[in-house]
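Let's take a walk through a protein fold together.

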Amino acid sequence: MGKSKKSSKKALKDIPLEITPENKCSFCVGSKCCTYITQVIDTPRSKADFQHMLWQISHQNIRFYKDDDGWTLLVDSPCLHLQGDGRCGIYHERPGICRDHSNDYCELDAPAEDGFNLYFDSYKSLLKYCKKRFKKWA
Ligand code: SF4
Ligand code: SF4
């Protein structure tokens, strides 16, 4: 699950304790991977596809990225089960995707953006891409 742009590596380096899989998440301020959802989308090809995405990214908390798995819609929205102390409020019955998520090398180690081929965090950034991709963009 992927994504603060602040240097997580520096944060880890500054921690004097040994980081283990068991205690690692307790050092993760804001529990990054529990603060958004993602959904793979059909690869956008036409102007209409990108016009639709421009409409979507005009709304709050919407981003898009493309990585080796394809194009993905990302919605920043903290999980309702995330507790103030960073723990999961439904830990023993959390969804499978949460159970499958490994903290072995995660967003506390490096920003998810590092693995993106394309990344759009604003209407402006996506529009710029559209104008570059389509010779006639109107
Ligand atoms: S898996 Fe990684 S990003 Fe998620 S809460 Fe644990 S340390 Fe933070
Ligand atoms: S259910 Fe628990 S582990 Fe899953 S995203 Fe929500 S707080 Fe995180």
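Predicted model: local features only at pLDDT ≥ 70, side-chain atom pairs only at ≥ 80, totals over all residues.

Residues are numbered from 1 along each chain as its sequence is written, chains are lettered from A and ligands numbered from 1 in the order in which they are written, and side-chain values use heavy atoms, with hydrogens and water left out.

Start with the big picture. The protein has four helices and four strands. These are DSSP runs numbered from the N terminus, with helices being H or I runs of at least four residues and strands being E runs of at least two. Of the 138 residues in the protein, 31% are buried. Here, buried means under 20% relative accessible area, exposed means over 50%, and partly exposed is in between, using a 1.4 Å probe and protein chains only.

Now find the sheet. In what order do the four strands sit in the open sheet? The order is E1-E3-E2-E4, and the pairing is antiparallel. Two strands count as a pair if DSSP finds at least two bridges between them. Strand E1 (36-40) and strand E4 (118-120) stand at the edges, and each has a single partner strand, so one side of each has no neighbour in the sheet. From one strand to the next, the twist averages 20°. Angles like this run from 0 to 180 degrees between N-to-C directions, and the axes are lines fitted to C-alpha atoms, for helices over the stretch in contact.

Zoom in on E1 and its partner, strand E3 (residues 70-76): they pair in the antiparallel sense over five bridges. One spot to look for is Ile37, whose bridge partner in E3 is Val75. Then look at what packs on the sheet. Helix H2 (residues 47-57) does, touching strand E2 (62-67), E3 and E4, and its direction makes about 135° with that of E2. Helix H4 (residues 123-133) packs on the sheet as well, touching E2, E3 and E4, with its direction at about 130° to that of E4. Contact means heavy atoms within 4.5 Å.

Which residues of H2 are buried? They are Phe50, Met53, Leu54 and Ile57. These residues cover an arc of only 105° around the axis, so they lie on the same side of H2. The arc is that of the directions from the helix axis to the C-beta atoms. There's a handy rule behind this kind of spacing: an α-helix has 3.6 residues a turn, so residues three or four places apart point the same way. The cover over the buried residues of H2 includes E2, E3, E4 and H4.

H4 has its own buried set: Leu126, Leu127, Tyr129 and Cys130. Their arc around the axis is only 160°, which puts them on the same side of H4. H2, E2, E3 and E4 are included in what covers the buried residues of H4.

Next, meet a few individuals. Leu73 is found in strand E3 and is buried, with a relative accessible area of 18%. Leu73 and Gln39 are 34 residues apart in sequence, yet 5.2 Å apart in space, C-alpha to C-alpha. Not counting residues up to four places away in sequence, Leu73 touches Ile37, Thr38, Gln39, Ile41, Ile62, Arg63 and Phe64.

The loop between H2 and E2 holds Gln60, which counts as exposed at 71% relative accessibility. Asn61 is in the loop between H2 and E2 too, and Asn61 has a positive phi of about 65° although it is not a glycine.

Finally, turn to the ligands. A residue is near a molecule if one of its heavy atoms lies within 4 Å of it. Around ligand 1 you'll find Cys25, Cys28, Cys33, His101, Asn103, Cys106 and Leu108. Around ligand 2 are Cys34, Cys79, His81, Leu82, Cys88, Ile90, Pro95 and Cys98.
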